[in-house]
Protein chains: 2
Amino acid sequence: MSEELLKQHRDAIDNIDVEILNLLNQRAQHARDIGEIKGGGIIYRPEREAQVLRRVKDLNPGPLPGESVARLFREVMSECLALEKPLSIAYLGPEGTFTQLAALKHFGHAARTVACGSIDEAFRLVESRALDYVVAPVENSTEGAIGRTLDLMVSSPLKICGEVVLRIHHHLLRKEGSMDGIRRVYAHAQALAQCHEWLNKNLPANVERVSVASNAEAARLAAEETDCAAIAGQAAAERYCLLKLAENIEDEPNNTTRFLVLGNQDVGPTGQDKTSIIVAAPNRPGAVHYLLEPLAANGVSMTKFESRPSRAGLWDYVFFIDMEGHAQDAHLVQALAGLRERTAFVKVLGAYPQAVL
Amino acid sequence: MSEELLKQHRDAIDNIDVEILNLLNQRAQHARDIGEIKGGGIIYRPEREAQVLRRVKDLNPGPLPGESVARLFREVMSECLALEKPLSIAYLGPEGTFTQLAALKHFGHAARTVACGSIDEAFRLVESRALDYVVAPVENSTEGAIGRTLDLMVSSPLKICGEVVLRIHHHLLRKEGSMDGIRRVYAHAQALAQCHEWLNKNLPANVERVSVASNAEAARLAAEETDCAAIAGQAAAERYCLLKLAENIEDEPNNTTRFLVLGNQDVGPTGQDKTSIIVAAPNRPGAVHYLLEPLAANGVSMTKFESRPSRAGLWDYVFFIDMEGHAQDAHLVQALAGLRERTAFVKVLGAYPQAVL
């Protein structure tokens with residue numbers, strides 16, 4: 001009876017698979033035709049991919065979760081692209097970090113991720129077109145290099161063509177399955193800060209908190225020293241075969257890290273976009289307020305505003321500004337024109353679709 | 001005109017995507033129903049997955065290559081399985097090795113791969129059911145541990161439930177883009193042997209050949225020493241940001257590595273299967289010939305026959321034998337019965353589908 005029922009479901013799946021198979025090939029043929037119409041031009045179109053992913057998430061009837069169908073369509077587009085040539089993606093190694101995860105999340109597994117020794121090298125390989133895109137963390141990361149990413153964007157000719165947001169969970173990891181006898185906890189300073197309350201509540205006061213270069217490094221150390229623990233994510237736990245003493249110990253439950261995708265191309269509008277710019281300002285009272293006036297006047301909302309001391313010497317500060325909307329949208333065009341009247345240095349880093357997955 | 005044509009193709013893709021989306025969800029619902037009928041039993045069925053993959057490859061009309069559609073259906077099944085609970089897969093680390101590639105190729109990216117410090121630990125974690133399956137190299141690998149894998153199978157209760165075959169390409173890798181001034185080439189001894197002719201022809205006789213623990217280790221060394229090169233694969237080249245001085249330098253173009261998937265389950269027949277056994281024999285003239293007689297008599301073809309000195313002490317040698325067919329097939333049942341009459345030690349390691357992807 002239940003055997004008969006099983007067979008019915010399996011037959012149904014077999015029929016569905018044939019339909020999916022044929023549709024996938026029709027899709028690939030259309031993608032190939034599009035490639036031919038473009039005649040060897042750039043075939044990866046971030047704006048188009050973002051639209052496809054948003055659409056399947058919107059239309060998804062379940063039971064597969066929206067994340068699952070988006071992941072699958074990401075892979076489908078990745079395979080269709082690879083019919084022509086697989087994309088190569090540079091990132092700051094080592095492997096198994098959140099940055100590599102972000103790269104694969106954005107480009108799918110038919111893309112090739114290339115771990116580089118430094119973020120500078122990753123940028124250089126894409127600027128010279130040895131590789132196609134670079135993925136770099138820009139906000140709230142526990143993997144370092146954020147400051148360096150921002151500095152590189154000041155001078156690099158690369159354009160931002162996408163963003164990736166990863167929800168980051170921290171776990172307390174150790175070689176042994178008990179909290180007894182922990183003498184020391186390793187983690188990136190950022191992660192120690194993000195788990196501060198939890199550590200106060202759950203660990204004895206005499207346990208040392210040692211900040212190291214990255215959470216991956218912390219996990220590596222904890223794998224070697226049995227009286228130590230580490231704060232790190234799932235990937236590091238798996239990589240170093242550590243046990244989870246406690247999961248999701250971050251004080252703030254919506255802990256995310258944001259990554260940017262940079263390449264040699266401009267991206268068209270999708271209706272849900274961001275535009276990132278750098279502007280310079282002198283260190284003078286009221287300078288920032290004066291500078292931002294055109295944004296307010298044109299109804300542009302900022303999603304990020306961050307100052308950094310300028311390394312170029314000409315200016316005191318540079319500001320990294322993320323705005324909602326695409327640089328081609330009318331109100332942004334006017335706001336940018338207004339900005340250019342107020343400071344000699346305005347650089348549009350890129351306009352790109354907001355993160356979908 | 002070409003804009004109009006582009007739009008037509010994109011609209012067609014949009015329509016196809018909705019159809020695929022609905023079919024994927026119908027498929028997931030059937031998979032979930034099957035899970036319920038089974039009532040919490042084992043949901044991963046290697047025999048069923050092998051049949052699904054063979055079928056879509058057989059029916060594939062193109063233009064997507066058979067490998068691509070098999071990869072996509074692997075991911076679809078991986079996501080459908082993960083609706084219940086993602087599979088966890090142990091392997092001998094570090095990450096970025098061919099073994100991890102093999103694990104992801106076999107289980108899809110919704111599975112979690114766990115790098116372990118030793119092959120013994122990987123087996124132990126699956127025996128204790130902390131993890132679901134282990135993937136281990138058994139033939140022609142450049143990652144070591146093959147002997148240890150065979151020894152572990154003698155005593156482990158785990159069953160073989162699948163095999164993965166990877167085509168292995170070796171490249172000559174270096175930090176700099178030229179052959180000039182190479183003083184030393186690092187590689188696993190196996191890889192040095194496999195590229196022997198090429199090295200003789202293309203490198204000066206005074207270049208040292210140094211064998212190290214793995215090709216990944218060789219790449220790591222070459223990344224540090226500028227007057228050295230390494231022989232390793234794509235993954236190691238990417239991981240250590242090395243340039244390819246020469247591609248596919250293996251003397252034998254069909255260079256493959258074979259991996260086994262082991263777990264706590266028996267796998268049913270699919271029509272294209274293998275059965276692996278271990279038998280013991282005394283070191284006596286004619287002993288092997290006598291032992292194999294039941295296989296020949298029942299028309300069983302062997303795809304592998306390998307002897308190893310026994311570590312148990314009771315026997316002089318143990319033999320690892322792979323046979324075509326499933327242990328439940330009539331001629332294998334008879335052959336195995338015949339074997340058991342001739343030696344006290346016959347262990348069926350598993351019967352499993354031949355590699356598809």
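**Exercise 1.** Describe how α2(A) packs against helix α1 (residues 2–38) of chain B.

Solution. Step 1: the two helices pack at an angle of about 35 degrees, and their axes are 10 Å apart. Axes are lines fitted to C-alpha atoms, for helices over the stretch in contact, and angles run from 0 to 180 degrees between N-to-C directions. Helices (H or I, at least four residues) and strands (E, at least two) are DSSP runs, numbered from the N terminus.

Step 1: the crossing of α2(A) with α1(B) is right-handed; in this convention the near helix is turned clockwise from the far one by less than a right angle.

Step 2: α2(A) contributes R48(A), V52(A), R55(A), V56(A) and L59(A) to the contact, and α1(B) contributes R10(B), I13(B), D14(B), D17(B), V18(B) and L21(B). Contact means heavy atoms within 4.5 Å.

Step 3: sorted by class, these are six nonpolar, no polar and five charged residues. Ala, Val, Leu, Ile, Met, Phe, Trp, Tyr, Cys and Pro count as nonpolar, Asp, Glu, Lys and Arg as charged, and the others, Gly among them, as polar.

The model is predicted: local features need pLDDT of at least 70 and side-chain atom pairs pLDDT 80 or more, while totals for chains, interfaces and linings use all residues. Residues are numbered from 1 along each chain as its sequence is written, chains are lettered from A and ligands numbered from 1 in the order in which they are written, and side-chain values use heavy atoms, with hydrogens and water left out.

**Exercise 2.** Characterise the interface of chain A and chain B.

Solution. Step 1: 65 residues of chain A touch 66 residues of chain B. The buried area is about 6,300 Å², with 66% from carbon and sulfur atoms; this is the accessible area (1.4 Å probe) that two parts lose on being put together, summed over both.

Step 1: eight salt bridges cross the interface, a salt bridge being a side-chain nitrogen of Lys or Arg within 4 Å of a carboxyl oxygen of Asp or Glu. R27(B) pairs in this way with D17(A), with the closest N and O atoms 2.7 Å apart.

Step 2: on the side of chain A that touches chain B, α1 (2–38), α2 (46–59), α3 (66–82), β2 (112–116), α5 and α10 (234–239) each give two or more residues. The largest share, 29 residues, is from α1(A). By class, that side of chain A has 31 nonpolar, 14 polar and 20 charged residues.

**Exercise 3.** Which residues make the contact of α5(A) with α6(A)?

Solution. Step 1: helix α5 (residues 119–127) and helix α6 (residues 146–155) of chain A pack at about 35 degrees, their axes 10 Å apart. Their crossing is right-handed.

Step 1: I119(A), D120(A) and F123(A) of α5(A) meet R148(A), T149(A), L152(A) and M153(A) of α6(A). Four are nonpolar, one is polar and two are charged.
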